[in-house]
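Please look over the sequence and the structure before reading on.

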Amino acid sequence: QVQLVESGGGLVQAGGSLRLSCAASGRTSSSYPMGWFRQAPGKEREFVAAISKNALNTAYADSVKGRFTISRDNGKNTVYLQMNSLKPEDTAVYYCGADSAHGSSWYTSRQQYEYNYWGQGTQVTVSS
């Protein structure tokens, strides 16, 4: 079992920055590909970013490419999402997920069904 806890959300003005953290406990998350997803009110959860176990492969949604950066510190069992140039449309609850099914060090996934552990989410609100 893996427990994931997100933090770092809050209220920020458009153009500002936030850094989200996802701390893992239980079976080490350094063994798993990790991802960030978000869900805005009235919308389905959508992919934001993903990172491989070895941190050398990343993937981003087109809507955040060039503004968000995903990273991980396997020694601290923590994944980060640096969000810059935030827009009101980035407002959502942000969730991190762990994918325990794929063993490749280079694997990333954009599909939420491949993530079998989830955190409780952290709210990000961007005001215009």
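A polar contact is a pair of N or O atoms within 3.5 Å; within protein, one atom must be able to donate a hydrogen and the other to accept it, and residues adjacent in sequence count only if both atoms are side-chain atoms. By that rule, the side chains of Arg38 and Glu46 are joined by a polar contact of 2.7 Å. The model is predicted, so local features need pLDDT of at least 70 and side-chain atom pairs count only at pLDDT 80 or more, while totals for chains, interfaces and linings use all residues. Residues are numbered from 1 along each chain as its sequence is written, and side-chain values use heavy atoms, with hydrogens and water left out.

- Arg38 lies in strand E4, residues 34–39; strands (E, at least two residues) and helices (H or I, at least four) are DSSP runs numbered from the N terminus.
- Arg38 counts as buried because its relative accessibility is 6%; buried means under 20% relative accessible area, exposed over 50%, and partly exposed in between, with a 1.4 Å probe and protein chains only.
- A second polar contact, of 2.9 Å, connects the side chain of Arg38 with that of Tyr94.
- Leaving out residues up to four places away in sequence, the residues that Arg38 touches include Glu44, Val48, Ser63, Phe68, Asp90 and Val93; contact here means heavy atoms within 4.5 Å.

**Salt bridges**

- A salt bridge is a side-chain nitrogen of Lys or Arg within 4 Å of a carboxyl oxygen of Asp or Glu, and the count by this rule is four.
- One of them is between Glu46 and Arg38, at 2.7 Å from N to O.
- Glu46 is partly exposed because its relative accessibility is 36%, whereas Arg38 is buried at 6%.
- The side chains of Asp90 and Arg67 form another salt bridge, at 2.8 Å from N to O.
- This pair links distant parts of the chain, 23 residues apart: Asp90 is in the loop between E8 and E9, and Arg67 is in the loop between E6 and E7.
- Asp90 is buried, with 0% relative accessibility, and Arg67 is buried too, with a relative accessible area of 11%.
- Arg38, Glu46, Arg67 and Asp90 are linked in a network of salt bridges.
- Asp62 and Lys65 also form a salt bridge, with their closest N and O atoms 3.3 Å apart.
- Asp62 is exposed, with a relative accessible area of 67%, and Lys65 is partly exposed at 48% relative accessibility.

**The disulfide**

- A disulfide is a pair of cysteine sulfur atoms within 2.5 Å, and the count by this rule is one.
- It joins Cys22 to Cys96, with 1.9 Å from S to S.
- The two cysteines come from distant parts of the chain, 74 residues apart, with Cys22 in strand E3 (residues 18–26) and Cys96 in strand E9 (residues 92–98).
- The link of Cys22 and Cys96 is right-handed, with 50° about the S-S bond.
- Both Cys22 and Cys96 are buried.

- Two strands pair if DSSP finds at least two bridges between them; E4 and E5 run antiparallel and are joined by five bridges.
- Within this pairing, Trp36 stands opposite Ala49 in E5.
- The hairpin of E4 and E5 has six residues between the strands, and Gly42 there takes a positive phi near 75°.
- Strand E5, residues 46–51, is mostly covered, with five of its six residues buried.
- E5 is also joined to strand E6 (residues 58–60) by three bridges, and these two strands run antiparallel.
- Ile51 has Thr58 in E6 as its bridge partner.
- Six residues lie between E5 and E6 in their hairpin, where Ala55 in the turn has a positive phi of about 65°.

**The four-stranded sheet**

- Four strands make an open sheet with antiparallel pairing, in the order E1-E3-E8-E7.
- Strands E1 (2–7) and E7 (68–73) stand at the edges with a single partner strand each, so one side of each has no neighbour in the sheet.
- Neighbouring strands of this sheet are turned by 15° against each other on average, direction ignored; axes are lines fitted to C-alpha atoms, for helices over the stretch in contact, and angles run from 0 to 180 degrees between N-to-C directions.
- E7 pairs with strand E8 (residues 78–83) over six bridges in the antiparallel sense.
- The bridge partner of Ile70 in E8 is Leu81.
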